[in-house]
Amino acid sequence: MSELLLEVNGLKKYFPITGGLFGRKQGEVKAVDDVSFYVKKGETLGIVGESGCGKSTTGRLLMRLIEASEGKIVFEDKEITSMSKSELRKTRRDIQMVFQDPYASLNPRHSIEQILEEPLIVHGIGTKEERKKQVREMLEVVGLSSYHAKRYPHQFSGGQRQRIGIAKALMTKPKLIIADEPVSALDVSIQAQVLNLMKDIQKEFQLTYIFIAHDLGVVRHISDRVGVMYLGRLIELADSEQLYQNPSHPYTKALLSAVPVPDPDLKKETILIDGEIPSPANPPSGCAFHTRCSQVMDICKTTRPQEHDLNGHFVACHLYNK
Ligand SMILES: Nc1ncnc2c1ncn2[C@@H]1O[C@H](COP(=O)(O)OP(=O)(O)OP(=O)(O)O)[C@@H](O)[C@H]1O
């Protein structure tokens, strides 16, 4: 976990504000303002912050979907910011993005098979036979069976569509995945399933993640280190537990204090979901939401495990009752 995969130095993106009769430039939005950080191979770096603080712009800059105003992005010793288009195309095989709304990357007129095959065609990977085989295998990896291959995006639930979005990102066997709010649009129980899937495939495919989200509980669950953005600046970056337990920046403190904590007078019960009983000896590592038990409570009351394809993970661990 010590080798560097990505280094970002002095990254800036200023968008012009135009207006008036002739659309003249009237000012600029400092969407990303002098941001520097690094990402080590195999780790998950979370990026959090309120809406409009520059998280998504940072993600898009790293992929060079938009051009930086200033700064340097180096991926595996290659400078992305100064690459030619053909070099960039090659590098994009190693860096993929997962979006909040999978529709952003799933063509509604294409079958799942066509959608998953497309990145392989773009990068000239495999014969037709090999590509079809890879598509079927990848559907299994993300917990969908290969008979889904002939169906279309609208025929899937939100959670299934996000699994397809993840499968598409994985097709080229990337090294880095930039996940921009990948679970924000999903129900809490489905969020846990998708997060667990992302954790499982991280080991299997030796992936490095940049995980962008506004939900602090979700980011804590998945990240090794977390960076906090505010008004385009990265104001604090630390190991996940250190940041959550001992934040140093006043803004981070304020952000964390806004996260609801369970009422200490509530009586705690352990609940069993899908065969595993959490205990101090068997801590709830598979539970994405034990930091937000008040929300989990509703799911626990209504979720019957056999109705969900949980792949051996439980979605929640404690039920609180007065
Ligand atoms: N194409 C653009 N033109 C002008 N301003 C933009 C553009 N894209 C983003 N911005 C502005 O840059 C700032 C940062 O936007 P960004 O989408 O990165 O924020 P964010 O933290 O991802 O927010 P959210 O969580 O709501 O997605 C915002 O003020 C936004 O209005």
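**A walk through the predicted model**

Strand β1 (residues 4-19) and strand β2 run antiparallel and are joined by 13 bridges. Strands here are DSSP runs of E with at least two residues, helices are runs of H or I with at least four residues, and both are numbered from the N terminus. This is a predicted model, in which local features need pLDDT of at least 70 and side-chain atom pairs count only at pLDDT 80 or more, while totals for chains, interfaces and linings use all residues. Residues are numbered from 1 along each chain as its sequence is written.

Angles run from 0 to 180 degrees between N-to-C directions, and axes are lines fitted to C-alpha atoms, for helices over the stretch in contact.

The residues around the ligand include F15, V29, K55 and H214; a residue is near a molecule if its C-beta atom, placed from the backbone, lies within 6 Å of it. By class, the shell has four nonpolar, seven polar and one charged residues. Ala, Val, Leu, Ile, Met, Phe, Trp, Tyr, Cys and Pro count as nonpolar, Asp, Glu, Lys and Arg as charged, and the others, Gly among them, as polar.

The chain as a whole is divided into domain 1 (4-94 + 175-257), domain 2 (105-171) and domain 3 (267-321), with bounds from an automatic or database domain assignment. Twelve residues of domain 1 are in contact with eleven of domain 2, contact meaning C-beta atoms, placed from the backbone, within 7 Å. Helix α6 (residues 188-205) provides seven residues, the largest share of the side of domain 1 that touches domain 2.

Finally, the axes of helix α3 (residues 112-122) and helix α5 (residues 158-170) come within 8 Å and cross at roughly 30°. The helices α3 and α5 are therefore roughly parallel, a term for angles under 35 degrees.

Note on methods. Contact = placed C-beta atoms within 7 Å. Pairing = 2+ DSSP bridges. Parallel < 35°, antiparallel > 145°, perpendicular 65-115°, else oblique.
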